[in-house]
Amino acid sequence: RGTPRPATRAIAFGLGGVAAILLVGAASGGTSLLQPLAHLRPGSGPASGASAESKLPFQRVKSLGELDSLLTQAGQEGQRVMLDFYADWCVACKELEARTFSQPQVQQRLSSVKLLQVDVTANNTADRELLKRYGLYGPPGVLFFNPAKSGHAVHKVIGFQDAGAFQTSLDRA
């Protein structure tokens, strides 16, 4: 019982290594649990195209009343709408932002779409009402609305999708 078995030592060493990588990634500004050191790769900095200029121009929505008003307005203007449910603590939301919404081909496809975003970080009553209306348990969730459907989502994306899969979802929406 004195010394641990070799397999136990190997598992402990492996877990310690994973923890060290996560700590280094977090301490150096990484935001992804799935790729904690990705921001340290050459070409992954601000000059790589994932800068503030490449973010989609979302309009934040804070309540059901505000959302209904914006959907009605978009319907009257004949404009399609994409509604993104986001939270600061949501890893998949960060991945969507960094790896999908930042891609030029996705941004080009969404250039004529009204972009709305619900930030459910606080998880307050208004946030829960918005999630409940669309049958979501939490972020990420992306809903698409057609102006002819008067406020009813015509397509729903749950979870992370890379740029290619997301473009397929755009085709369906």
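This is a predicted model: local features need pLDDT of at least 70, side-chain atom pairs count only at pLDDT 80 or more; totals for chains, interfaces and linings use all residues.
Analyst: Residues are numbered from 1 along each chain as its sequence is written, and side-chain values use heavy atoms, with hydrogens and water left out.

User: Why is the pair of Phe 101 and Phe 166 called edge-to-face?

Analyst: Rings of Phe, Tyr and Trp (its six-membered ring) pair if their centres lie within 6.5 Å; planes under 30 degrees apart count as stacked, over 60 as edge-to-face and the rest as tilted. The centres of Phe 101 and Phe 166 are 5.6 Å apart and their planes stand at 75°, so the pair is edge-to-face. The structure holds five aromatic pairs.

User: What makes strand S2 largely enclosed by the rest of the structure?

Analyst: Buried means under 20% relative accessible area, exposed over 50%, and partly exposed in between (1.4 Å probe, protein chains only). Six of the six residues of S2 (residues 81-86) are buried, so the strand is largely enclosed. Val 81, Leu 83 and Phe 85 point one way, and Met 82, Asp 84 and Tyr 86 the other.

User: Why are S2 and S3 said to pair?

Analyst: Two strands, which are DSSP runs (E, at least two residues) numbered from the N terminus, pair if DSSP finds at least two bridges between them. S2 and S3 (residues 114-119) have six bridges, in the parallel sense. In S3, Gln 117 is the bridge partner of Asp 84.

Conventions: Helices (H or I, at least four residues) and strands (E, at least two) are DSSP runs, numbered from the N terminus.
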